[in-house]
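User: I would like to learn how to read a few features of a protein model. Please go through them one at a time.

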Amino acid sequence: MSVASSTAASPLAPEWLQVPADLNVLQEPMWAGSVRRGDDGGITVGGVNVRELKEQFGTPLFVMDEADFRSRARAFKDSFDAAFADICGGVDVYYAGKSFLCTAVVKWVEEEGLRLDTASGGELAVAARAGIAGERVALHGNNKSDAEINRALDMGLGRIVVDSLDELARVGAIAQGRGEQAKVMLRLTPGVHAHTHEFIATAHEDQKFGLSMAADTTDEAGISAAEEAVAAAAAHPGIELLGLHCHIGSQIFEPDGFALAAEKLLRFLAAMQEKYSITMPELDLGGGYGIAYTPVDTPRPAAEIANAMAAVVRSTCAELGIDAPRISIEPGRAIVGSTTFTLYEVGTLKTVRVDAPGSSAEGDAGNNVTHPRRYVSVDGGMSDNARPVLYDADYSAVLASRTSEAAPQLSRVVGKHCESGDIVVRDVYLPEDVAAGDLLAVPGTGAYCWALSSNYNYLARPGVVAVRDGSARLIVRGETEEDLLNRDMGA
């Protein structure tokens, strides 16, 4: 049995992972716009070196480029407004707050001309504290409580996205009891297959979200749940039916699903308007646009997405002979995901030898050859990034505190939790000389990392720092041990 060189491409690595020509290069488009290598080799963001951030705020730390967030938000608003100007006068862009939300972000969203999408009473509380006008806020959720529905009405929300017939009746009854009308959109499942992970594909029938557009063959009337909801909403005195909504999934690169969903909903909208003599002035086509987590991911620019969707809406409305509804979309990850990286400090390292079939050594064809895989432990893990364990999500990482001319070694970046699945980056080439005390940066952690964070093993959740024009400030304070103990009521 022979031992393979650690400087060659490893057969343990997935096929998509290539050995970088230069480990010090920050490969686009994974990084925020201001991220650079400084003259001393350390990564800078907004002109601030990561070593300074470590000294001031500690690690782990979420580091966000504020200017990059604002730029991506503007790109969606400007691109979709331009593409849909001749169709419906522009687009309402709702930032999907579930991806990452705090009061500072709400203010940025509003200042850049966007609206806000929420999915719980807690997210509504953040919106209220930030002071955004209620009519610019939407509420999602498949199981809204009476308290959440009442809060939405108290705040004068611009829309409540209803997810089921049961919920429609509850929202209508609560609003009617208050002597009001709830502004409602109906979330439909158009049956469009999205090319993404099963747990984040949301437009097929066999899952918890939405009203089915498929005809119910077990019912005498044979109408779909979606049509039943339209009829009920149009007739309910406590409901103002704004229109229809769909969301086909998340982290999607292919345009076909978005186009097909838009066409199906427009055809359904036209049929419902004719059958029930109503007008539904709005249509929300959701979000789910993918970002780059690894060098092989190929996200589409906002303008390209906008133009492709506008072409479908324009042609379908013309074919149906209907006025186009006001279109809205809900990007979250596509705005915040790449604005942020997580900064970690390296702790322990170990290298294991793994058998793999191969013929890397002459005469070894068909024999097992051992290949090294190095485990690089950092001071965070699945408590600040649950996506690898939840979705097998891939990430990348770079040595952030310095440059290195050492040879690349296949590495697995792991956390400090008492869990073998505590993997931050499953496969990445890092310099052989990475050592304890070095800083690593994992890009693309702006979406669903802080939002999904936990206190597993009683680790405190990291803070979030916004960097802009050479200045860094906390927008979410990191937890302390006192925070962890405050809710413990004792024996």
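Analyst: A helix here is a DSSP run of H or I at least four residues long, and helices are numbered from the N terminus. The model is predicted. With that naming, helix H3 covers residues 103-111.

User: Which residues of H3 are buried?

Analyst: Buried is read from relative accessible area, with the limit set at under 20%. In H3, that applies to Ala104, Val105, Val106, Trp108 and Val109.

User: Which residues other than glycine have a positive phi?

Analyst: Ser277 is one of them, with phi near 50 degrees. Ser277 sits in the loop that runs between helix H8 (256-276) and strand E12 (282-284). Asn457 is another residue of this kind, with phi of about 60 degrees. Its place is the loop between strand E19 (439-443) and strand E20 (463-468).

User: Is Ser277 buried or exposed?

Analyst: Ser277 has a relative accessible area of 67%, so it counts as exposed. Asn457, at 38%, is partly exposed.

User: Next, the peptide bonds. Where are cis bonds found?

Analyst: The angle to look at is omega. Glu28 and Pro29 are joined by a cis peptide bond with omega of about 0 degrees. Pro29 belongs to the segment before E1. A cis bond also joins Thr59 to Pro60, with omega of about -5 degrees. Pro60 is in the loop between helix H1 (50-57) and strand E4 (61-65).

User: E1 came up there. In what order do the strands of its sheet run?

Analyst: The order is E1-E2-E3, in an open sheet of three strands with antiparallel pairing. Strand E1 (36-37) and strand E3 (48-49) are the edges, each pairing on one side only.

User: How many bridges hold E1 to E2?

Analyst: There are two bridges between E1 and strand E2 (residues 43-45), in the antiparallel sense. At the level of residues, Arg37 has Ile43 in E2 as its bridge partner.

User: Now the charged side chains. How many salt bridges are there?

Analyst: The rule asks for a side-chain nitrogen of Lys or Arg within 4 Å of a carboxyl oxygen of Asp or Glu. The count by this rule is 30 salt bridges. Take Arg314 and Asp86 as a case: their closest N and O atoms are 3.1 Å apart. This pair links distant parts of the chain, with Arg314 in helix H9 (residues 302-320) and Asp86 in helix H2 (residues 66-88), 228 residues apart.

User: How accessible are the two partners, Arg314 and Asp86?

Analyst: Arg314 has 36% relative accessibility and is therefore partly exposed. Asp86 is at 55%, so it is exposed.

User: Which partner does Arg178 have?

Analyst: Arg178 forms a salt bridge with Glu180, with 3.0 Å between the closest N and O atoms. Arg178 is partly exposed at 29%, and Glu180 is partly exposed at 29%.

User: What about Asp483?

Analyst: Asp483 forms a salt bridge with Arg477, where the closest N and O atoms are 2.8 Å apart. Asp483 is partly exposed at 23%, whereas Arg477 is exposed at 53%. Salt bridges can also share partners: Glu66, Arg70, Arg74, Glu111, Glu112, Arg468, Asp469 and Arg473 are joined into one network in that way.

User: That leaves the interior. Why would one look for groups of nonpolar residues?

Analyst: Because nonpolar side chains tend to be buried together in soluble globular proteins. In this model the largest nonpolar core has 109 residues, and those touching the most other members are Phe80, Phe84, Tyr95, Phe100, Leu186, Leu244 and Ile475. H8 gives the largest share of this core, nine residues. Another core of 22 residues lies apart from it, with Val48, Leu61, Ala292 and Phe341 among its members.

User: Which residues does Tyr95 touch?

Analyst: Leaving out residues up to four places away in sequence, the contacts of Tyr95 include Phe69, Phe100, Leu114, Pro331 and Ile335. Val105 and Val109 are also among them, and these two are buried residues of H3.

Definitions and conventions: Residues are numbered from 1 along each chain as its sequence is written. This is a predicted model: local features need pLDDT of at least 70, side-chain atom pairs count only at pLDDT 80 or more; totals for chains, interfaces and linings use all residues. Side-chain values use heavy atoms; hydrogens and water are left out. Two strands pair if DSSP finds at least two bridges between them. Buried means under 20% relative accessible area, exposed over 50%, partly exposed in between (1.4 Å probe, protein chains only). A nonpolar core is a set of buried Ala, Val, Leu, Ile, Met, Phe, Trp, Tyr and Cys residues joined through side-chain atoms within 4.5 Å. Contact means heavy atoms within 4.5 Å.
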